[in-house]
Every structure is written in structure tokens, then in C-alpha cells.
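Here is a short briefing for a reader who is meeting this structure for the first time.

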Amino acid sequence: MAQSINITELNLPQLEMLKNQLDQVMYVPGKLHDVEHVLIDVGTGYYVEKTAEDAKDFFKRKIDFLTKQMEKIQPALQEKHAMKQAVMEMMSQKIQQLTALGAAQATAKA
């Protein structure tokens with residue numbers, strides 16, 4: 001996101017871009033006629049017109065916020081991953097025990 005806002009440094013009157021059409025995965029070529037003002041998606045379908053410098057600040061704050069949120073949840077994710085691994089290991093042991101028990105019962109009958 002933040003890298004795409006560096007358009008003012010290019011000093012181009014018209015910058016080529018790809019525009020998302022109707023929330024589809026298809027993009028079509030387009031040109032920016034005003035590189036000093038951009039329209040940014042602030043979430044849940046809301047768009048705000050900002051100067052390129054304000055847009056850079058917005059995206060920097062958004063990246064910082066998301067980074068902090070990721071750092072907050074990372075320990076919980078690591079704990080859940082460790083719990084998942086322990087459960088998978090326990091299930092594997094149980095399956096091996098059941099398989100061995102079934103094989104022992106089959107040889108006892110024969």
C-alpha cells in the first residue's frame with residue numbers, strides 16, 4: 001500500500017495504474033490525471049480523497065497499527081500451534097496403539 005503512494009516523487013502528469021473493476025479480480029489500465037490528490041479506501045466501502053502526503057501518513061499509521069496488532073496476537077497463535085502439535089502427536093500415538101492392538105487381536109484369532 002505505502003509503496004503505491006510514492007507517486008508524487010515520480011513527477012508524472014499521468015501515471016499508469018491498474019484499477020479494480022466492481023470488486024472483481026480483473027484490473028484494467030488507467031491513468032491518474034491528478035497525482036497530488038488520491039482516493040483511498042479506508043475500509044467497509046468508504047473512500048476518502050486525500051493529498052498524496054496525507055495518504056502516505058494514513059498508510060504509515062495503518063501499517064504501524066496492523067504491525068502492533070500482529071505482535072499482540074502472535075504469542076497466542078504460537079501457543080495454539082503448540083497445542084495443535086501436541087494434540088496431533090497424541091492422536092498419532094493413539095492410532096498406533098489401536099493399530100497394534102488390532103493386529104495383536106487378529107494374530108490371536110488365527
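Helices (H or I, at least four residues) and strands (E, at least two) are DSSP runs, numbered from the N terminus. Read along the sequence, the pattern of the chain is β-β-β-β-α, which gives four strands and one helix. This is a predicted model, in which local features need pLDDT of at least 70 and side-chain atom pairs count only at pLDDT 80 or more, while totals for chains, interfaces and linings use all residues. Residues are numbered from 1 along each chain as its sequence is written, and side-chain values use heavy atoms, with hydrogens and water left out.

- Of the 110 residues in the chain, 12% are buried, where buried means under 20% relative accessible area, exposed over 50%, and partly exposed in between (1.4 Å probe, protein chains only).

**Contacts**
- Among contacts (heavy atoms within 4.5 Å) with a separation of 6 or more, 24% are between residues 24 or more positions apart.

**Helix α1 and Val-87**
- Val-87 lies in helix α1, which spans residues 52-109, and Val-87 counts as partly exposed because its relative accessibility is 47%.
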